Amino acid sequence: MAAAAAALASSPLVHLTAAARLRFPKPRTSAASSGCSRWGSPRGAYLDWRPLRRCDRMRRFSVDEGGGGGEADGEKRSDEEPAAAAVETKAGAAEEVASERSRSGSFSSSSSPSSVTPGVSSEPSLLSFSVDSIDTVKLLELLGPEKVDPDDVKAIKEKFFGYTTFWLTREEPFGDLGEGVLFVGNLRGNKEEIFGKLQRQLRELTGDKYNLFMVEEPNSEEDDPRGGPRVSFGLLRREVSEPGPTTLWQYVISMLLFLLTVFSCIELGIASKISSLPPDIVSYFTDPNATGPPPDMQLLLPFVESALPVAYGVLAIQLFHEVGHFLAAYAKDVKLSIPFFIPNFTLGTFGSITQFKSILPDRKTMYDISMAGPLAGAALSFSMFSVGLWLSSNPAATSDLVQVPSNLFQGSLLLGLLSRAILGYSALHAATVLIHPLVIAGWCGLTTTAFNMLPVGCLDGGRALQGAFGKSALFGFGLTTYSLLGLGVLGGPLSLPWGLYVLLCQRTPEKPCLDDVSDVGTWRRSALIVSVFLVVLILIPVWDELAEDLGVGLVNTF
């Protein structure tokens with residue numbers, strides 16, 4: 001009989017029954033001696049356990065088929081029932097433990113060795129998988145950027161920092177995802193000299209494995225006793241902190257955007273001939289109440305050739321803008337990405353997105369590269385605009401002039417006043433004005449340059465402001481810029497599309513430089529302030545009352 005009880009305890013059918021019971025809540029009523037019971041759900045409803053009853057019958061059948069019948073079978077069952085009851089008693093204890101774990105939120109896919117019934121396999125069941133067994137923190141660590149080696153951090157603290165350089169007080173996470181280490185403490189000398197010394201020691205110890213940053217101490221309420229903000233040192237792996245190379249898809253996207261920009265510039269040149277375009281085409285695109293089938297676009301083909309001067313002028317300004325960036329970056333040994341031109345049918349282009357592909361050594365480099373492009377583009381734009389106004393007032397160049405509505409000069413306070421000063425009151429106070437195509441190209445170039453010099457995000461103006469005054473100053477200027485764009489104070493009808501473009505593509509500030517603390521000098525800050533002031537004058541439109549007083553455009557009164 002003992003052998004039969006041992007066979008029953010090790011039977012795979014008993015394993016199946018016990019394992020199935022471990023995966024469900026505790027029964028509300030005590031189990032019958034036959035093993036058939038009704039289990040209560042958490043909501044008080046009873047479940048149908050007929051499959052479990054079939055398993056119990058199969059278990060008894062597997063025991064009874066050993067041979068004999070009648071009294072012999074009764075004796076075997078009477079001797080084997082205590083062993084089966086012992087197995088079920090232990091299974092019930094395991095059920096209580098599993099139920100308590102499920103209520104406390106610590107249920108896992110496999111039971112601990114102490115709660116496993118002897119003779120029952122401890123292998124986890126495929127049906128009892130739990131998401132709680134996934135360690136999300138470890139998963140993020142595996143998928144996220146590689147962190148700094150703790151042994152290297154220990155060596156840096158022991159060999160670099162001390163009483164004569166930087167007295168370390170605490171460590172904090174550093175980087176976008178906390179993948180680096182920020183050393184916070186007290187500086188013991190000149191920050192530029194100590195930073196240079198720490199960089200040399202880091203290269204000698206780890207080679208090119210890490211990049212060391214000198215940044216402003218976060219949440220510091222007082223300045224350094226030696227002048228300037230309190231500084232801290234951040235450590236990041238080189239592959240994490242440096243920008244990645246330009247991919248093939250980025251080259252393809254850049255080429256497609258450039259072709260679209262060429263098309264939008266040609267469209268701008270065609271729109272400048274609005275006075276000579278077919279009336280049905282003009283009314284279809286300008287009258288919101290126009291009905292009927294669309295006109296034949298082939299009628300615009302004869303105007304493409306005459307639109308090329310304006311298109312060439314706008315493209316030349318934008319290319320000259322990018323050349324300024326690349327020349328300044330080459331002088332500073334900084335790599336730039338290919339430009340991603342942004343087409344726009346009102347100005348020809350909204351400029352371009354050009355990314356840094358190298359870590360900037362200091363804020364002076366960020367400022368110089370950011371300002372070089374707008375200065376180059378503004379210089380060429382203003383030259384075209386001035387020469388175009390002079391040719392517009394020259395009777396010998398009448399054949400090259402185009403006729404535009406005079407209220408277009410109300411789009412900019414500064415440019416409208418310059419046009420009024422050169423062309424005269426009578427010219428701008430008429431319904432239409434004859435101007436040279438260079439005026440249109442220069443006007444669009446200056447407006448695009450002014451938009452890109454707004455102090456927000458990673459626009460040229462935002463980068464220059466971050467380099468001149470620090471990242472903390474960019475938040476206040478950016479919030480003011482967004483408010484003025486939202487109210488239509490800057491840019492007129494273009495304020496909303498430009499604001500959406502910045503929010504979608506250019507809202508993130510530039511990453512910190514290696515030396516993100518050193519001052520850029522007074523003259524750089526003064527030049528930026530003057531530039532922002534001119535940007536505001538260019539982007540502020542002239543309202544009707546002021547336009548009537550200044551004689552800029554013909555104001556219609558009803």
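Reader: Let's start with Ser337. Where does Ser337 lie?

Author: Ser337 lies in a loop, the one between helix α11 (304-331) and strand β5 (340-344). Keep in mind that we are looking at a predicted model.

Reader: Is Ser337 buried or exposed?

Author: The idea is to look at the relative accessible area and compare it with a cut-off: under 20% is called buried. Ser337 has a relative accessible area of 2%, so Ser337 counts as buried.

Reader: And which residues is Ser337 in contact with?

Author: When you ask this, set aside the neighbours within four places in sequence. What remains for Ser337 is Thr246, Phe326, Thr354, Gln355 and Lys357.

Reader: Which residues does Asp516 touch?

Author: Not counting residues up to four places away in sequence, Asp516 touches Met214, Val215 and Arg363.

Reader: How much of the contact count in the protein comes from residues 24 or more positions apart?

Author: Take the contacts with a separation of 6 or more: residues 24 or more positions apart account for 71% of them.

Reader: Let's step back to the whole protein. How many helices and strands are there?

Author: The protein has 20 helices and eight strands. Of its 558 residues, 42% are buried. The accessible surface comes to about 30200 Å², and 61% of that belongs to carbon and sulfur atoms.

Reader: Now the inside. Which residues touch the most other members in the largest nonpolar core?

Author: That core has 54 residues, and the ones touching the most other members are Phe409, Ile435, Leu454, Trp498 and Leu528. Helix α15 (residues 437-452) gives the most to this core, with eight residues. Apart from it lies another core, of 28 residues, including Phe166, Val184, Leu212 and Val215.

Reader: Pick Leu528. What is Leu528 in contact with?

Author: Leaving aside neighbours within four places in sequence, the list for Leu528 is Tyr367, Met371, Met453, Ala464, Leu465, Ala468 and Phe469.

Reader: What about the outside? Which residues form a nonpolar patch on the surface?

Author: Look for Leu248, Trp249, Tyr251, Val252, Ile253, Met255, Leu256 and Leu259, which together have about 900 Å² of accessible area. Take Trp249 as an example: its place is in helix α9 (residues 248-271). Trp249 has a relative accessible area of 67%, and the cut-off for exposed is over 50%, so Trp249 is exposed.

Reader: Charged residues next. How should I think about salt bridges?

Author: Side chains of opposite charge can pair when their charged atoms come close. Here the count comes to eleven salt bridges. One of them joins Arg170 and Glu172, at 2.9 Å from N to O.

Reader: How exposed are Arg170 and Glu172?

Author: Arg170 is partly exposed at 38% relative accessible area, and Glu172 is partly exposed at 25%.

Reader: Which residue forms a salt bridge with Arg238?

Author: Glu242 does, with the closest N and O atoms 2.5 Å apart. Arg238 is partly exposed at 25% relative accessibility, and Glu242 is partly exposed at 32%. There is a network here as well: salt bridges link Asp208, Arg238 and Glu242.

Reader: And Arg525? Which residue pairs with Arg525 in a salt bridge?

Author: Asp519, where the closest N and O atoms are 3.0 Å apart. Arg525 counts as partly exposed at 28%, and Asp519 counts as partly exposed at 44%.

Reader: Last one: where does pLDDT stay under 50?

Author: Where pLDDT is low, the predicted coordinates should not be read in detail. In this protein the mean pLDDT is 76, and 68% of the residues reach 70 or more. The value stays under 50 over residues 1-85, for which the model has 84 contacts beyond four places in sequence. Residues 100-129 also stay under 50, with 30 such contacts in the model.

Definitions and conventions:
Residues numbered from 1 in each chain as written. Predicted model: local features only at pLDDT ≥ 70, side-chain atom pairs only at ≥ 80, totals over all residues. Heavy atoms only, no water. Patch = residues over 30% accessible without salt bridge, like charges linked within 9 Å, V, L, I, M, F, W, Y side chains within 5 Å. Areas by Shrake-Rupley, 256 points an atom, 1.4 Å probe, with all protein chains shown as cover. Salt bridge = Lys/Arg side-chain N within 4 Å of Asp/Glu carboxyl O. Helix = DSSP H or I, 4+ residues; strand = E, 2+ residues; numbered from the N terminus. Buried < 20%, exposed > 50% of the residue type's maximum accessible area, 1.4 Å probe, protein only. Contact = heavy atoms within 4.5 Å. Core = buried A, V, L, I, M, F, W, Y, C linked by side-chain atoms within 4.5 Å. pLDDT = per-residue confidence, 0-100.
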